[in-house]
Amino acid sequence: MESRRFLAGHANARLLAKDKAIGLLELLGSFGELYGPVRNGGGSSTFRAVKKPADIDLNSLRTLLPPKKILYPPTDELLEFTADGGFRSKEETGPARIVLFGLHPCDINAVLTLDQVFSGRFEEPRYLARRRRTAVIGLDCLPDELCFCHSTKTDFSDRGFDLFLTDLGEAYFVRIGTALGDDIIRAGRDIFQPIGPESIDQYKDKTNRRHAAFSHRVELVDLPHILELDYDSEIWESLGRKCFSCGSCSAVCPTCYCYDVFDQVNLDGRSGSRVRIWDSCLTNSFARVADGHNYRQDKSTRIKLRYYHKQIAFVEQYGRPSCVGCGRCIAACPAEISVIDVLNAIFREKVVK
Amino acid sequence: MNGVPVATKPDPLQPNRAHVIRVQRLPLEINLFQLRFEDEELNLSFDFKPGQFLMLSVIGVGEAPFAIVSSPSRRGLIEIAVRQSGRVTTALHNLKENALIGIRGPYGNGYPIERMRRSDVLLLSEGPWFGALRSLRWYILDNRKDFGQVTLVATADDAKDLPFGDELSWLGDREDITCRVCRPAARDAEGQDHMARLIAGLRQTKFVAQGTYAVLAGEPAHFPPLWDYLLERGVSKDKILFSLQRKMRCGIGKCGHCSIGYKYTCLDGPVFSYWDAQNLPEVI
Ligand SMILES: Cc1cc2nc3c(=O)[nH]c(=O)nc-3n(C[C@H](O)[C@H](O)[C@H](O)COP(=O)(O)OP(=O)(O)OC[C@H]3O[C@@H](n4cnc5c(N)ncnc54)[C@H](O)[C@@H]3O)c2cc1C
Ligand code: SF4
Ligand code: SF4
Ligand code: FES
């Protein structure tokens, strides 16, 4: 009796049998344009618009590019201008509704981070419009050797999703995060089942297995202060020597948002648009100004900026670090620079006089 | 989708229509541009603090940040002084009077004029940076009774070769401001002599350090001897102020280009104090 009352009142989770997963994806397609991880050749996967739900890779771990590329595209028109009309803000022109499927907790936390960056005192209306029209369907995962999201405390999502799926083997445990998530469940009444005590046990089990699967621990609590003390550490010089300034780490990072701007003139020579394009603080031109002066000439000051911005500056501005521990920058770096190694070295290394 | 932020304000990147009203040639190939919004209401409501900057767009070319050199105490025309250096500044120099441009802002923290009220103020400038203190100087002179002793020390080979240098001669005639112009040794690339002269000039003025604000304009790398002197005299660390420049693409804390240490120059600056500089790597 006790447990039955509990189950009846506790309606914010459902069970989805694995053979009904395709049914869910089809249902999601009716809620908007569906994006999810699709397998590439070579074992990697990429977030893209999916034509057939079966194309979605339900076991994808780390996509090459993060979901930011859908909410904050690599290039975007900000304004239109004409010679005698001046500038006009460009509205967002994406799909009317977007469903982002398959975001792991690190990526959901990264989207929440971008929400902070693009709202507040100066709002980015295009990002916010796209974001308002986007449903987020989370999916759990088991970490590999590049994941350290439990150190960054972004290995769990308590908000930022409409539905969140946890793989229990035979079925998915589906948490309902929002009213929209509940609408999806209602629309798919026949594919979901109520959860029972055994599914709660399995869910706990999975959570424990996942915690135990992390192979790295990165110390982050005292990090801002230690980084400040290590401002002149030799580490930055040696990383500067290794780094190719390719900017890949910024492109693949789900929370990097720096951009450059240029004005593009149409063939008529009288009209055009102002375009934003992803930029990277690692590139030589990032802080170069007119007359050729460069505030960040040395590669070491640029790579240092990447760490200091994520671990200190972002905390000052928004209250938490911006690295969510997804490991993408480690996978992407041609110089084999690893954020895990760098942060651990910062803690372990003694100051050399 | 609960809790997703909603856009409630106009696009902060959208420039307002404005016109170049007058262009005046100043020394050192700097042009003074007088600007005016098309919307009369905007001209009246455009409120800013000395030390703030705006983002100016030349249509079809691009956008760049410029300090406002006019004073909020004189509404109507906004003035900027621009040195030709790259794409936008060259296109700006080529614009005819009445040309349509875009302006958004004002941005940045500006000088803390509320806090500075009733205090003595030192205005210290190195050579061509004299113009950088123009907005603050005019603001103080237009609200003269709100401030204590005002002392201006500038270095210059010849005042008339500086942008706004002509203002130095009539400033010298005013009773309510102490004004010293010091000539540095020729060819002083490191600025050592500029700083030495500023310090010597300051010594002659017998200023009171207690509670005084010292506002510095110059090449930041040259500042340390002047900082040391001011600190020895007892000017407090949070009252030694200066403005910094960095590359800027947005002016509103989104593009990331203007970072200094742990701060964005466009949001937390461009005005910083000596105390900020002590707690912030990369200032000089
Ligand atoms: C807060 C602040 C106040 C400034 N005030 C003045 C002023 O009063 N008078 C003046 O002549 N100059 C001022 N500058 C410098 C001025 O912004 C640059 O000269 C201008 O950006 C050069 O643009 P450009 O397109 O001609 O050069 P390009 O080299 O073609 O630059 C392309 C873009 O890079 C950025 N950029 C390049 N150089 C600089 C720079 N030095 N600082 C910031 N961004 C840069 C701009 O966004 C610029 O549009 C100020 C800069 C800052 C940050
Ligand atoms: S810094 Fe690297 S590990 Fe951290 S969020 Fe960005 S890509 Fe992921
Ligand atoms: S990916 Fe590696 S090599 Fe490329 S800019 Fe980043 S740190 Fe440097
Ligand atoms: S100018 Fe873009 S962040 Fe400061």
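Please keep in mind that the model you are looking at is predicted.

**A pair of helices in chain B**

Start with helix H6 (residues 192-205) and helix H7 (residues 224-233) of chain B, whose axes cross at roughly 25° and come within 9 Å. H6(B) and H7(B) are therefore roughly parallel to each other. The crossing of H6(B) past H7(B) is right-handed. On the H6(B) side, the contact is made by B:Met195, B:Leu198, B:Ile199, B:Leu202 and B:Arg203. H7(B) contributes B:Pro225, B:Leu226, B:Tyr229 and B:Leu230.

Helix H7 of chain B also holds B:Trp227. Is B:Trp227 buried or exposed? Its relative accessibility is 6%, so B:Trp227 counts as buried. Leaving aside residues up to four places away in sequence, B:Trp227 touches B:Leu216, B:Ile240, B:Phe242, B:Tyr274, B:Ala277 and B:Ile284. From B:Trp227 to B:Met195 there are 32 residues in sequence, and their C-alpha atoms are 9.7 Å apart in space.

**A pair of helices in chain A**

Now turn to helix H9 (residues 234-242) and helix H11 (residues 299-318) of chain A, which pack at an angle of about 110°. H9(A) and H11(A) are therefore roughly perpendicular to each other. H9(A) passes H11(A) in a right-handed crossing.

| Helix pair | Angle | Axes |
|---|---|---|
| H6(B) and H7(B) | roughly 25° | within 9 Å |
| H9(A) and H11(A) | about 110° | 8 Å apart |

**One helix with two faces**

Our last stop is helix H7 of chain A, residues 197-212. Its 16 residues reach 23 Å from the first C-alpha to the last, close to the 22 Å expected at 1.5 Å a residue. Which residues of H7(A) are buried? They are A:Ser199, A:Tyr203, A:Lys206 and A:Arg210. Seen down the helix axis, the buried residues of H7(A) fall within an arc of 65°, so they line one face of the helix. In general, an α-helix has 3.6 residues a turn, so residues three or four places apart point the same way.

What covers the buried residues of H7(A)? The cover includes strand S1 (13-17), helix H4 (105-118), strand S8 (163-167) and strand S9 (171-176) of chain A. The face of H7(A) turned away from the buried side carries the exposed residues A:Glu198, A:Asp205, A:Arg209 and A:Ala212.

Key:
Residues are numbered from 1 along each chain as its sequence is written. Chains are lettered from A and ligands numbered from 1 in the order in which they are written. This is a predicted model: local features need pLDDT of at least 70, side-chain atom pairs count only at pLDDT 80 or more; totals for chains, interfaces and linings use all residues. Side-chain values use heavy atoms; hydrogens and water are left out. Helices (H or I, at least four residues) and strands (E, at least two) are DSSP runs, numbered from the N terminus. The expected span of a helix is 1.5 Å times one less than its number of residues. Buried means under 20% relative accessible area, exposed over 50%, partly exposed in between (1.4 Å probe, protein chains only). The arc is that of the directions from the helix axis to the C-beta atoms. Contact means heavy atoms within 4.5 Å. Axes are lines fitted to C-alpha atoms, for helices over the stretch in contact, and angles run from 0 to 180 degrees between N-to-C directions. Angles under 35 degrees count as roughly parallel, over 145 as roughly antiparallel, 65 to 115 as roughly perpendicular and the rest as oblique. A crossing is left-handed if the near helix is turned anticlockwise from the far one by less than a right angle, and right-handed if clockwise.
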